[in-house]
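Okay, thanks for coming, everyone. Let me put the structure up on the screen, and then we'll walk through a few parts of it together.

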Amino acid sequence: MLLAFSSITILALITLFIFREGAPLMARVGLGNFFSTEWRPGEGLFGISLMIVGSTVVTFGALVLGVPFGLACAIVLAEMAPDRARTLLKPVIEILAGIPSVVYGFIGIVVLLPWIRSNLGGPGASALAASLILGIMVLPTIIGISIDALQAVPNSYREASLAMGATRWQTIRRVVLPAARSGLVAAIILGMGRAVGETMAVIMVAGNSVQMPRSPLDPVRTLTANIALEMGYAAGDHQAALFATGIVLFAIIMALNTVANLARGRRVKRATAPAAGAEDLQAARDDAPQGESPPGAPGVTGTQRP
Amino acid sequence: MSTAVRRRVSPRQAQALVSVLLWAMMATTVLVLAFIIVFVLQRGLPHVTWEFLSQPPRASGREGGVWPIIVGTLAVTLFAVAIATPLGLGTAIYLTEFTRENRFTRMVRFGADSLAGVPSIIFGLFGFVFFVITLGFGWSILAGGLTLAFMVLPTVIRTSEEAIKAVPAGYREVALTLGATKWQSIVKVVLPSALPGIVTGVILGMGRSISETAAVIFTAGSSLSQVVPTSLFDGTRTLSVHFYQLAREGISAEKAYASAAVLVLSILVINVSAYTLMNRFIRRYR
């Protein structure tokens, strides 16, 4: 089944081509130039520090809004809502995930920016606007993975805690949340990855000027915006510099993914540890001769669900 | 713990307080979503006329409609899922039916998970240098579709895997005891039973393709064409790219709202149908 390796092959191809385009430039101009604060592609200055600052600022801004709301929704949906409300509310969150990022950006332009301009001052397009829009956009990621993490906590934990006289909220806070901690951390990290990688919505509301933001109302340019804005007309070294920006972005994302995977992996391992026997049964079934197996022999399992 | 000593709120009060707070936050989230959808539809739908849907754009989108853009969007999207479905389904079958957890499945899963996290702009860069430049496809439906196929692959893999896993083991065992080979049991028993779930994955992939902008703008191109694309090598502007240009360049608020309404409406239809399909499918096996 070579098909199974398609995703890993694609990942390798992406890495290869992005590096092939961008790495030579990084080597040629030197890391000193590349990580400086001067982005003047016309003069051979390709410093992307300010874009890294921009990405960092809007990402953390997004988390300030997205994490509390995301966790609150996940707790409500996984622990508190009655079944009927859950079947109604969960699709709502999934629709939130499906709305195109350009639509979020557009809402930002026509609703959020004028509001910021008239109530808080400044140009409107700003780190604050980008953070608010991104904060909404990371919600589905955070909610979805947090719900998985909360549901992976065995019910007996809750029952034991409730039986000892704890209230529902005490149970959630002292038992369920700590037990689901690594999964929740993974959810937040993946939400972070989503915020770092978002492009179109950010371009539309962040203002995009290359400068050090001194207040939340100052415009910023993110790594993603840098690539998307200039890719249309860049050539030569300038284009290579955009690919190099892509390398930095890609490296950040892969690092976040890996950390999230480790956090999630730890949880999976812990949750499945007592069920190790089930895996052996599955193995026995897979290894059983298939053509003329005696009836009943493959029937040893009832362990399809992980 | 020492906190017990200085606690002033009784657990019951805390419980009530927190419930209100959490439900309020949940309600806020839902309201924001409702606001976005209502806002876009309310302002956009009045401008979605038959003329808008059936005419080519004129004056760089200021007048006319989006007909060639709709055709281009559909072509790119369908091409993307046509490529992603066999790849994703193959991976899912391999992961669920042919192996147990080992180093290879972990590697495959890592690949799929990482791919799911890669930002669309990176796919755009990659598609641009690989398909558009290196393979010489130019800005085309082909390059855009392939890039999107790679992007939606993790969605298809994950949903298909869930669907195949949901088919009860008993189905396979009956097929095997009747003398079917493993492959026969997969093709004739498992896949048909898992079909609704697999279709859900494909529909969700279509939704992601339609709403994507950053990955297609550098691969399918952004030039505005008056005519409907006729070959895979034609470039096309997709609806979300068109909408982006209208909104960002401030070309025409009216047309921008109309495009947004068409986008949001199609995404709603796609997501709701995917969700109902999956729900019905899961209920069948529980």
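So, Q226(B) sits in a loop of chain B, between α9 (214-217) and α10 (239-248). Helices here are DSSP runs of H or I with at least four residues, strands are E runs of at least two, and both are numbered from the N terminus. Quick note: this is a predicted model, where local features need pLDDT of at least 70 and side-chain atom pairs count only at pLDDT 80 or more, while totals for chains, interfaces and linings use all residues. Residues are numbered from 1 along each chain as its sequence is written, and chains are lettered from A and ligands numbered from 1 in the order in which they are written.

Is Q226(B) buried or exposed? Exposed, because it has 11 other C-beta atoms within 10 Å; the cut-offs are 12 or fewer for exposed, 20 or more for buried, and partly exposed in between, with C-beta atoms placed from the backbone. Leaving out residues up to four places away in sequence, Q226(B) touches P56(B) and P68(B). A contact means that the C-beta atoms, again placed from the backbone, lie within 7 Å.

Now zoom out to the whole of chain B. It splits into domain 1 (2-47) and domain 2 (50-284), with bounds from an automatic or database domain assignment. Their C-alpha centres lie 33 Å apart. Seven residues of domain 1 of chain B contact eight of domain 2 of chain B.

How many residues does each chain bring to the contact between chains? Chain B gives 73 and chain A gives 70. On the chain B side, the largest share is 17 residues, from helix α1 (residues 11-44) of chain B. That side of chain B has 49 nonpolar, 16 polar and eight charged residues. Nonpolar covers Ala, Val, Leu, Ile, Met, Phe, Trp, Tyr, Cys and Pro; charged is Asp, Glu, Lys and Arg; the others, Gly among them, are polar.

Last stop, chain A. Helix α3 (residues 83-98) of chain A packs on helix α6 (residues 139-151) of chain A at about 140 degrees, with axes 8 Å apart. Axes are lines fitted to C-alpha atoms, for helices over the stretch in contact, and angles run from 0 to 180 degrees between N-to-C directions. So α3(A) is oblique to α6(A): under 35 degrees would be roughly parallel, over 145 roughly antiparallel, 65 to 115 roughly perpendicular, and the rest is oblique. In α3(A), I93(A), E94(A), L96(A) and A97(A) meet L139(A), P140(A) and I143(A) of α6(A).

Conventions
Two residues are in contact if their C-beta atoms, placed from the backbone, lie within 7 Å.
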